[in-house]
Amino acid sequence: MSLVKPSQWIMACVLSGLLSIVAHGQPIVRFDTDFESGSLQKVELLDAALLKTSAKDSIWHLSYNLYSQHDPLNPVDTALEPSARWFYFRMIGVKNKQLYLNFLQTDPVRPMYSLDGQHFERLAAHECFVDSHKEGVPGRRQFSVRFDRDTVFMAYFVPYTYGYLQQRIASWKATGSVVAIDTIGYTYRGIPMQMLTITDPSVPDTHKKRVYIHGRTHTSETPSSWHLDGMIDAITANTPEGAAYRRQMVCYILPFTNPDGVIEGLSRSGAHGVNLEINYDRPDSLTVAEVRAIISTLERLTAERPLDMALNMHSQVEPAATWWIHIGEFSSATYFRNQLLLGNLTMFQNRWHDKRDLRPAEGGARYVEGWIWNRFEDRTLAMTFETPYTHYHLDPESDWVTIHNLRQMGRQLLQAVGEYFAFSTPERVLVQAQKPKNMKHWDFLSPEDELYIGAGFYQAKHKSAKIDYISPVLPAGHYRVYRWAPGKAVEISPDGSNEWVFMEEFVQTTPKAYRKEVKATVGAQENALLIMPVEK
């Protein structure tokens with residue numbers, strides 16, 4: 001870390017990564033990054049003033065420019081500007097001092113702080129503002145803060161470090177034989193790339209759905225790790241729900257694509273400077289070790305049959321949770337339909353994600369989705385999901401992003417994946433429409449331009465059309481029933497189609513199957529029901 005002296009009476013000391021600002025022989029504030037994922041390039045003290053606030057009291061007012069650390073220069077994509085989004089540092093000696101912090105080279109809106117290095121909170125809105133002096137030119141991100149503790153950590157978002165991941169892996173592994181840990185390769189710095197395989201080993205894999213997920217390609221995107229953390233928790237949970245998912249699917253999860261970048265506190269690249277996200281179509285000489293390891297793993301996993309789904313977990317500056325819907329040459333009518341189906345299923349009872357958050361993307365061979373498409377086309381649904389850093393729905397009056405709601409969204413994503421595959425679990429019983437007794441009154445349809453669950457849906461063509469739904473035996477309890485409303489495969493369908501629509505509630509006092517006969521009008525579409533216990 002380096003220092004620019006702002007005046008003659010300030011002395012700077014740089015010792016073992018520790019920056020001390022000293023005035024009149026008394027330390028004012030020390031900055032350091034001597035811990036995992038710590039990152040800050042430079043600090044400038046702009047001014048320091050001791051203001052007398054009463055006859056007996058005074059307070060230091062200190063203003064700083066803080067420069068975040070750029071990633072290394074990219075040796076493969078040389079025109080790509082190195083990112084400097086991430087910062088994570090400690091300030092010592094800040095108690096009861098008024099600090100004015102100007103962040104340069106990065107774009108925090110309301111960054112996070114911690115008094116113990118573990119529990120983080122977001123700065124209050126009144127402490128944060130942007131100073132933009134020219135139209136179209138990003139301004140300085142300015143913060144006015146005061147703490148009642150001597151030591152404070154600050155970060156762009158709540159850190160999710162390599163060390164913390166090791167703790168989480170140990171806890172997931174402790175759930176028993178349902179989690180296996182493999183090293184699929186080593187990074188540029190020689191760090192192992194750990195992949196979790198999560199399934200019920202007592203059930204043959206032959207008919208299970210196979211899902212590959214990787215995260216943390218861009219290491220500043222820590223919300224994506226908290227999101228994936230919640231999803232892994234739900235898959236590994238020692239609950240009837242978790243067990244049901246494990247019986248029906250195999251999940252291959254690489255939590256950190258880029259451990260080097262996480263450890264070294266980088267923003268978007270690995271320690272070599274390469275952006276791993278766009279390195280999948282390079283010649284061998286320009287393909288980095290991490291991407292080679294992932295490609296080798298995908299080739300092994302798909303040697304006999306394609307994966308059913310591949311998810312690429314990211315975070316974005318735009319304040320919305322986004323599914324990127326691939327269009328163009330890296331898509332087809334079937335692929336487009338399947339993307340929208342998963343996207344719409346993700347929105348059910350999800351206050352942080354809605355139909356405005358589906359965005360088109362061209363895709364390309366340089367992305368992992370493009371690599372998969374070039375080999376398997378629409379036999380594998382490969383998509384990118386992005387969580388925001390700040391708030392949801394492009395609306396600062398909506399919920400702001402927290403570890404809690406990120407983890408909850410991870411659990412909801414698992415539920416959406418299960419519904420996409422037409423799984424049933426104890427908490428989400430999915431019932432497909434029975435084949436009608438009189439098929440003369442119905443058409444069975446499976447068009448590419450409609451969203452439906454499973455192989456197709458029935459459409460009534462006669463005013464006397466009837467169809468049955470019959471569930472497995474349900475325990476005694478109070479339930480809500482939702483009907484899937486198929487609709488056209490469009491990015492936004494505000495007419496109430498392509499979603500679970502509440503149908504009815506029922507209470508049963510003894511275990512038995514739920515049976516429902518539906519008398520349909522001409523043109524009505526019947527596909528699936530979702531039965532959920534009412535939470536007590």
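Tutor: Before we look at anything else, a residue is called buried when its relative accessible area is under 20%, exposed when that is over 50%, and partly exposed in between, with a 1.4 Å probe and only protein chains considered. By that rule, 56% of the 536 residues of this protein count as buried. This is a predicted model, in which local features need pLDDT of at least 70 and side-chain atom pairs count only at pLDDT 80 or more, while totals for chains, interfaces and linings use all residues. Residues are numbered from 1 along each chain as its sequence is written, and side-chain values use heavy atoms, with hydrogens and water left out.

Student: What is the mean pLDDT of the protein?

Tutor: The pLDDT is the predictor's confidence in each residue, on a scale from 0 to 100. Here the mean is 92, and 93% of the residues reach 70 or more. Over residues 1–26, however, the pLDDT is below 50, and this stretch has 60 contacts in the model beyond near neighbours in sequence, where contact means heavy atoms within 4.5 Å.

Student: How many helices and strands are there in the protein?

Tutor: Helices (H or I, at least four residues) and strands (E, at least two) are DSSP runs, numbered from the N terminus. The protein has eight helices and 32 strands.

Student: How many bridges join strand 14 to strand 15?

Tutor: Two strands pair if DSSP finds at least two bridges between them. Strand 14 (residues 179–186) and strand 15 (residues 192–198) run antiparallel and are joined by seven bridges, and G185 has M193 in strand 15 as its bridge partner. The hairpin that these strands form has five residues between the strands, and there G190 takes a positive phi near 90°.

Student: Why is helix 7 described as largely enclosed by the rest of the structure?

Tutor: Helix 7 (residues 368–376) is largely enclosed because seven of its nine residues are buried. Those buried residues are V368, E369, G370, W371, I372, W373 and F376, and what covers them includes helix 5 (289–301), helix 6 (333–346) and strand 21 (381–388). Just after helix 7, E377 takes a positive phi of about 45°.

Student: Where is G496 placed?

Tutor: G496 lies in the loop between strand 28 (487–488) and strand 29 (499–508). At 24% relative accessibility, G496 counts as partly exposed, and, leaving aside neighbours within four places in sequence, G496 is in contact with A485 and V501.

Student: How many disulfides does the structure hold?

Tutor: A disulfide is a covalent bond between the sulfur atoms of two cysteines, and the cut-off used here is a pair of cysteine sulfur atoms within 2.5 Å. The structure holds zero disulfides. As for individual cysteines, C128 is buried with a relative accessible area of 14%, and C251 is buried at 1% relative accessibility.
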